[in-house]
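Dear colleague,

Please find below the structure I am handing over to you, together with its sequence. My findings follow directly after it.

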Amino acid sequence: MIRVENLTCSLHGKTLLRGVSFSIASGELVALLGANGAGKSTLIKHLSGEKKPTSGSIRLAEKPLEHYSLATLARCRATMGQQHQVAADFTVAEVVMMGRYPHFAGKPKAADHLVVEETLAVCGITLFADRPVQSLSGGEQQRVHLARVLAQVWDQPRGVLLMDEPVSAMDMQYQHQTLAILRALADCGYTVVTVLHDINLAAHYAHRLILMKNGRKLHDGTPAEVLNERNIYSVFSMDAHVLMNPRSLKTNVLPLGKRLDAHEFNSFAAISTDHLAVIRSTS
Amino acid sequence: MATKLKIPTIYIATTLLLFLAAVLSLGWGAMAIPIGEVVVTLLKAVGFFRDTTVDELSAGVVMLVRLPRVVMGMLVGASLGVSGAAIQAIFRNPLAEPAIIGVSAGASFFAALIIAVESTLFMAIGHLLGHYLLALGAFAGAGLATWLVYRVSLVDGKPHIGTMLLAGIAINALAGALTGLISYLADEQQLRTITFWMLGSLGSASWETVATLLPFAAITVAGLPLLSKPLNAFALGEQEAHLLGFKPALVKRVVIVLATLAVGAAVAMTGIIGFIGLLVPHSIRMLGGADNRYVLPASALLGALTLTVADLLARVVVLPAELPIGVVTALLGTPLFLHILIRDKKKFVA
């Protein structure tokens, strides 16, 4: 479980997180939602230990995060970042095996090979196992890194998974597959935190949503509690319709869309285009 | 990936070829010695065939002239190969090589400096000491240049790779300019010495130089492969390596120190030998994949093989003279590398 108290982060005179507090129990899947630059990734980086808080505390299983050694942390906590670029010509199976590095010295054991096999299968990339990662499409590469991150804690039922936009490049099937895997792991006892941009995906799979804006936690609760027109407008500045799906009994959010008039959208460009049209038609 | 060879096959083939090249090198040269005699001499040296007699002169040539030279070539080649592979891994860039952190340029500058002032200042000390002074100076130059590059690259006390690349380019340019200045001021004889030194040669090999180089080469060739797991993780990015429980700053420091020790010592003994640090790890990856648990030791082996073969050719092609080995490594290796590149390039574009 994770307990965050009054977490604040300032970098180069900018405050990225302002007094964020929450706790997440084992067995919970929590989605972090919020506008671009709201501090979601910064929060994930603090939870993973990549960044040190300016003030406030983070505890993992009631022990302060800074008391963990890098190696211990790597065995019980896996993090999926946003950017993935494999530098050399590694194959899919080799990259997924890197997720097992914290668990063996020297050569991988039978258990490590089994974990790799299982995570490849669950991410639907068994067929690509021997192909170079660089030859795959963006969404497929993301599934490779998902498999690698899952492999890191696959055999640690009290493990922590921190995911920063894990499905940003995936197709619909694998977006749902990924969230279903994360939900299943949470139901096994894992603590899962994931940044998502698709509100409906989050509402469908997460136990709890945390909505952030300008480095603050604005709303925190089950999808049914948190998702209403007012909250969505306060976080995303978007009008939306919120309803209960009568078939799935899940909360659905239907954005009402945006409409920009030409003069509002970019008056100078619009006007100059108009002028050009006038000049062309008269000459 | 059907074109990739099985990794044990690569190890076995390289090792066998290395032995073959070594034995050939011992027999071939200005004084041709039959292979059988070479083998008997070697076995005598390790305690077999005590009763068999061999020609003393050829035994002397094998044991005192050619064997140290072959061993030296293997040590230098292995150092360059393994260091190149590790440097490419920490820079996450296949175009990196040991020279990028300033090792060669620093060594060249100091070597040129010593060659230029030696004739006037050190004539009295004698030629032998002069030679050691050259090696020592080159080693110091290699260390100093790398230390400068490393210092400049520190951001918040940790080496930053992008900065290190730029600092390396700057220090390389500075050392290159200073070397150029010395070459400009040097007289004809000095210029010739400087040029030959920069093209590299194993001609100075003796058991003493081998013994001097051995600890530097051994610690690097044995040490760098221990880092193959963190170096693999580097391919995912430094942050990812950190999240997998490795310490990127520590790994970078160790790689730079080990590479500088081995390459600096090798360059000090033999002059600049290009090509191996860059292309040997590449060839190894094209043959058997990118896993550093295989790439690092295999690059050491192939580096040793390449340099042994190159030195053999350098000695026998223009008998009784000798070609500079840097010329041979490039002439020999580039077509081979281009061949693999052209054969496999679709794989990289795809």
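The model is a predicted one. In chain B the mean pLDDT is 85, and 93% of the residues reach 70 or more. For the model as a whole, the scores are ipTM 0.85 and pTM 0.86.

Chain A

Ten helices and twelve strands make up the secondary structure of chain A. Its C-alpha trace spans about 80 × 50 × 45 Å along the principal axes. Chain A has 283 residues, of which 41% count as buried. Among the contacts in chain A with a separation of 6 or more, 65% are between residues 24 or more positions apart.

Chain A contains an open sheet of six strands with mixed pairing, in the order β6-β7-β8-β3-β9-β10. The edges are held by β6 (77–80) and β10 of chain A; each has a single partner strand, so one side of each is left without a neighbour in the sheet. On average, neighbouring strands of this sheet are turned by 15 degrees against each other, direction ignored.

A:Met212 stands opposite A:Lys217 in β10(A). The two strands β9(A) and β10(A) form a hairpin with two residues between them. In the turn, A:Asn214 has a positive phi of about 50 degrees.

The contact between the chains

Chain A contributes 21 residues to the contact and chain B contributes 20 residues. On the side of chain A that touches chain B, α2 (70–76) and α3 (92–98) of chain A each supply at least two residues. The largest share of that side, four residues, comes from α2(A). By class, the side of chain A that touches chain B consists of eleven nonpolar, six polar and four charged residues.

The nonpolar core and chain B

The largest nonpolar core holds 188 residues. Those that touch the most other members are A:Val96, A:Leu161, B:Ala86, B:Ala138, B:Val255, B:Ala265 and B:Ala266. Helix α3 (residues 56–91) of chain B gives the largest share of this core, 18 residues. Not counting residues up to four places away in sequence, B:Val255 touches B:Ala86, B:Ile87, B:Ile90, B:Leu224 and B:Leu227.

One further residue of chain B may be of interest to you. B:Ala167 is found in helix α6 (residues 161–185) of chain B. Is B:Ala167 buried or exposed? B:Ala167 is buried, because 22 other C-beta atoms lie within 10 Å, and a residue counts as buried at 20 or more. Leaving aside neighbours within four places in sequence, B:Ala167 is in contact with B:Val149, B:Val152 and B:Ser153. B:Ala167 and B:Ala290 are 123 residues apart in sequence, and their C-alpha atoms are 27 Å apart in space.

With kind regards

Conventions:
Residues are numbered from 1 along each chain as its sequence is written. Chains are lettered from A and ligands numbered from 1 in the order in which they are written. This is a predicted model: local features need pLDDT of at least 70, side-chain atom pairs count only at pLDDT 80 or more; totals for chains, interfaces and linings use all residues. Two residues are in contact if their C-beta atoms, placed from the backbone, lie within 7 Å. Ala, Val, Leu, Ile, Met, Phe, Trp, Tyr, Cys and Pro count as nonpolar, Asp, Glu, Lys and Arg as charged, and the others, Gly among them, as polar. pLDDT is the predictor's confidence in each residue, from 0 to 100. A nonpolar core is a set of buried Ala, Val, Leu, Ile, Met, Phe, Trp, Tyr and Cys residues joined through C-beta atoms within 7 Å. A residue is buried if 20 or more other C-beta atoms lie within 10 Å of its own, exposed if 12 or fewer, and partly exposed in between; C-beta atoms are placed from the backbone. Two strands pair if DSSP finds at least two bridges between them. Axes are lines fitted to C-alpha atoms, for helices over the stretch in contact, and angles run from 0 to 180 degrees between N-to-C directions.
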